[in-house]
Amino acid sequence: MRTSAWIAIGLLAAASAWFASSLVIGGSEEGKENAATAARPPQPTLVEVQPSTAEPVPLHIYAQGVAQPYRTADVVSSTGGTLDQVLVKEGDEVKAGAVLARVRPEARESQLRSAQARVNSLEADLQGLRDLEGQGYATESGVRDLESQLAEARASLQSIREEILDTTIEAPIPGIVNDVFANAGETLGAGTAVLRIVDNSPLRITLHISQRDIGRVDVGRVAAVSFATGDLAKGRVCFVAPAADPETRTFRVEIRVPNETRDIPSVVSVEVRFQTGEAEAHFVSPAILALNEEGTLGVKSVGEGGAVRFHKVEITRAVNNGIWVSGLPEKAQLIITGQGFVREGERVRVRKSEEGEQQNTAEAAAKEARLPTATIEAEHFDRAENLTEPPPAEVLCQGSASNRISTNSMPTGSTGATGAGVSTQSPGVGSSTGGTTGSQGSSPGMSNESGTQQGAGSGQSVPVAPSPEITPPRVSIPPLAQPPSQAPGPTQGQGGATQGGGASQGGGAAPPAAGSGGGATGSTPPGGAGGGAQ
């Protein structure tokens, strides 16, 4: 064989021998290392902890509501007649007793002079009759009769005086004129609304609190109120409903807020914050929250001996970059990294967080962070702490007020001033025309298909809005069987006046009543309007 061939065979044999020796040596060393690893005990899981100390945190309840005026009064005319003057306009601030408008006295002044003259005459006659009685020329019964006439004349005089006083319309409450319903020169019926006064001092805040939180709200508690207008004020709880709303299971709460200058308007949305106490809580990141095997929310910490502990917690308050939780001991080593890989009771290796200084700074800043509400920030409510404390509940909560919310519409049951002075009323109740009070229910008219009512003695059709609660029944009345010579034809708006001092207007489908006037009883066609005089 050639020399080069032997050299190649020698090199191949040497390489094979070297490779075989490395396998034997390396395998023995790896086996020794694996055996040493198996002999050592397993190392505990490494977790990162952050020391935490509990701090007092205020507890708050948040609720939304509406600001209502303290009182709202619709000023009405106590007597009928032509409105002579309206002395105020919308937006004017008035005091209680201020003159707002005047109705023309018209014939009342002459009636007053006539009544006064009659009283003077009867007084003179009575004095003369008593003198004659003392001389035996007059009887005691004659004196008593004249005394009765004098008392009646005096009562009539006083009635006319009061009616003249009623021509001056005064403000029943202080406040601001919100609406004017009538103009000078219009004819008003008695009871017609002329204007509306709204009293916003103090404001009444109405809101609803859930069943869970109502036990922490009591009368006299201070509340911070933020108005949709941007105003901020303090008030006190003046009322807590003793029973919940059966539909919402919430409790109505009323807060009164001082508003002496009446700068804050009413019927606006508000957000209210109650401070109901304090709780010891820790500020943590939501990321460290965990669930145990039962699904309970909690936080894991490292206790004595390096064992993991699970603490059930409740979220007390949430802020922009963290949450406040209660249920932890005063001081704790909270696991902030690796809490998902360990269980309660397991021993762990601990590495302290290097961000402790930064975490403490974040806790301080969190107290001024945004609260979890729709529109209000914590610093906005915190400005209320610098405001003057509201008056005591004994002062601020005095007096009662209606719970209705003021609107800009004309009050129900009143109409604007018209030439006939007609005011609509509920079915079954007569209404007056021309400023004269009609007898109630003595001569009701029938309602026709178009929803209008026509009363006997008036030639006017008055539209009446249907009541949402009372649906008048449709009553069909057959025509009365009378001889043609005695039965007048069906008429509308004609006939004699009924008893009660004026023409009355029927209310819907009340059954017809026999009139006590001098006219003959008229026939009423089925479904038609109230006809002849009754």
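Guide: Cys238 has a relative accessibility of 15% and therefore counts as buried, where buried means under 20% relative accessible area, exposed over 50% and partly exposed in between, with a 1.4 Å probe and protein chains only. This is a predicted model, in which local features need pLDDT of at least 70 and side-chain atom pairs count only at pLDDT 80 or more, whereas totals for chains, interfaces and linings use all residues. Residues are numbered from 1 along each chain as its sequence is written, and side-chain values use heavy atoms, with hydrogens and water left out.

Cys238 is joined to Cys397 by a disulfide with an S to S distance of 1.9 Å, a disulfide being a pair of cysteine sulfur atoms within 2.5 Å; by this rule the count comes to one disulfide. The torsion about the S-S bond of Cys238 and Cys397 is about -75°, so the disulfide is left-handed. The pair links distant parts of the chain, 159 residues apart, with Cys238 in strand S13 (residues 232-240) and Cys397 in the loop between helix H6 (393-396) and strand S23 (431-432). Helices (H or I, at least four residues) and strands (E, at least two) are DSSP runs, numbered from the N terminus.

Strand S13 also holds Lys234, which is linked to Glu389 in the loop between helix H5 (378-382) and H6, 155 residues apart. Glu389 and Lys234 form a salt bridge whose closest N and O atoms are 2.5 Å apart, a salt bridge being a side-chain nitrogen of Lys or Arg within 4 Å of a carboxyl oxygen of Asp or Glu. Lys234 counts as buried at 10% relative accessibility, while Glu389 is partly exposed, with a relative accessible area of 45%.

A search of the whole structure finds 18 salt bridges, and elsewhere Arg71, Glu93, Asp199 and Arg262 are linked in a network of them. Glu93 lies in strand S5 (residues 93-94) and Arg262 in the loop between strand S14 (250-257) and S15, 169 residues apart. Glu93 is exposed, with a relative accessible area of 56%, but Arg262, at 17% relative accessibility, counts as buried. Arg262 also forms a salt bridge with Asp199, with the closest N and O atoms 3.1 Å apart. Since Asp199 lies in strand S10 (residues 193-199) and Arg262 in the loop between S14 and S15, the pair ties together parts that are 63 residues apart in sequence. Asp199 counts as buried at 1% relative accessibility.

Phe283 and Trp324 form a tilted aromatic pair, 5.2 Å centre to centre with 55° between the planes; rings of Phe, Tyr and Trp (its six-membered ring) pair if their centres lie within 6.5 Å, and planes under 30 degrees apart count as stacked, over 60 as edge-to-face and the rest as tilted. The pair links distant parts of the chain, Phe283 in strand S15 (residues 268-284) and Trp324 in strand S20 (residues 322-326), 41 residues apart. Phe283 is buried, with a relative accessible area of 4%, and Trp324 counts as buried at 2% relative accessibility.
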